[in-house]
Amino acid sequence: MTRIDDRFAALKAQGKKAFVAYMMASDPDDATALQIMRGLPDAGVDIIELGMPFTDPMADGSTIQAAGQRALAQGGSVSRTLDIVREFRRDDTTTPIVLMGYYNPIYARKGGVTQFLTDAVEAGIDGLIVVDLPPEEDSELCVPATAAGLNFIRLATPTTDDRRLPAVVRNITGFVYYVSVTGITGAAAANAADVAPEVARIRAAAGLPVVVGFGISTPEAAEAIASVADGCVVGSAIVKQIGEGRPVPEILAFVRDLAAGAHRG
C-alpha cells in the first residue's frame with residue numbers, strides 16, 4: 001500500500017471524492033513553489049501532482065507551457081524538483097505526491113531510470129505520470145517504477161476505445177487519470193454527462209479509482225465532475241493564478257474553494 005492507496009481508502013471510508021491539485025515545480029521560483037506546495041494540504045488537497053519542467057510538454061496548453069518556461073528560467077529540473085519534494089517531506093510525510101512529466105528528462109538525467117527511481121523514492125515521491133510512454137514501452141519505466149514501490153499512473157482519453165483500454169490499464173496502479181476532453185490542458189470545459197459513462201467503463205476495466213482532469217476550473221465544475229468519478233484534478237486554473245503573480249494566500253484560497261467543490265461531489 002502506497003500513500004496514494006491509503007488516501008483513496010480513507011476518502012472512500014469518509015464518503016468523499018479526491019481533489020488533486022497540479023502545480024509546476026520551481027514556478028515562479030523554488031521558494032514560492034515550496035510555500036504554495038506546503039499550503040495545499042490545509043487547503044483541502046488530497047493528492048499533489050507536481051510538474052517537472054520540460055522544454056517540449058506535448059500534452060500541455062499555453063498556461064502550463066508558460067509555467068514550465070518560468071521554471072526552466074529559474075533553473076528548474078528533475079533534480080531541483082526532487083529537492084523541493086525533500087523539503088516538503090520535512091514537515092509532511094502523509095500527503096501523496098505524484099510527479100507528472102515527460103520521459104526525456106528522466107532518461108537523459110545522469111544515472112538514467114535506475115538513479116531517477118532511487119532518488120524519487122528517497123525524496124518521498126509516491127507515483128509517476130509520464131505521458132509520452134505508451135504501454136508498449138512499459139519495460140522502460142512503468143515496470144521498474146512499480147518494482148521500486150511507486151504507483152505508475154496512465155492517462156486514458158475519450159479516444160481510448162475498448163480494444164485499446166486493456167493495454168492502457170494493464171500494468172498501472174494507484175489510479176487512472178481520465179482526460180475529459182480531446183486536446184491539451186486548459187483548452188476546453190469538461191462535461192459531467194459525457195464523463196460519467198467513460199469513468200464507469202474505465203473503472204470496470206482497471207479495477208482502480210478513476211480521477212478526471214483537463215477542463216475543470218471552477219468549484220462548480222469540480223463538484224459536477226467529482227460526482228461522477230472518484231475525484232478530479234485541477235491544474236491550469238491554479239497555474240494561471242501563480243502565473244499572474246497573485247499572493248500565496250490568495251492562491252491557496254482559490255484552491256480551497258475548488259477542493260470544497262470536489263468534496264461535495
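Author: A word on terms comes first: a residue is buried under 20% relative accessible area, exposed over 50%, and partly exposed in between, with a 1.4 Å probe and protein chains only. This is a predicted model, in which local features need pLDDT of at least 70 and side-chain atom pairs count only at pLDDT 80 or more, while totals for chains, interfaces and linings use all residues. Residues are numbered from 1 along each chain as its sequence is written, and side-chain values use heavy atoms, with hydrogens and water left out.

Reader: How does E87 count at 30% relative accessibility?

Author: The side chain of E87 meets that of R90 in a salt bridge of 3.0 Å, N to O, where a salt bridge is a side-chain nitrogen of Lys or Arg within 4 Å of a carboxyl oxygen of Asp or Glu. R90 is exposed, because its relative accessible area is 63%. E87 has 30% relative accessibility, and therefore counts as partly exposed.

Reader: Is R154 buried or exposed?

Author: The side chains of R154 and D138 meet in a salt bridge of 2.5 Å, N to O. This pair links distant parts of the chain, 16 residues apart, with R154 in the loop between β5 and β6 and D138 in the loop between β4 and α7; helices (H or I, at least four residues) and strands (E, at least two) are DSSP runs, numbered from the N terminus. D138 has a relative accessible area of 5% and is buried. R154 has a relative accessible area of 7%, so R154 is buried.

Reader: Which residue is the bridge partner of Y178 in β8?

Author: Strand β7 (residues 176-179) and β8 run parallel and are joined by 4 bridges, and two strands pair if DSSP finds at least two bridges between them. Strand β8 covers residues 210-213, and both of its faces are covered, with V210 and V212 buried on one side and V211 and G213 buried on the other. Within β8, the bridge partner of Y178 is V212.

Reader: Through which helix does the chain cross from β8 to β9?

Author: Strands β8 and β9 (residues 231-234) run parallel, joined by 2 bridges, and V211 stands opposite G231 in β9. The β-α-β crossover between them is right-handed, which means that, with the strands pointing away from the viewer, the path from the first strand over the helix to the second runs clockwise. The helix on this path, residues 219-226, is α10.
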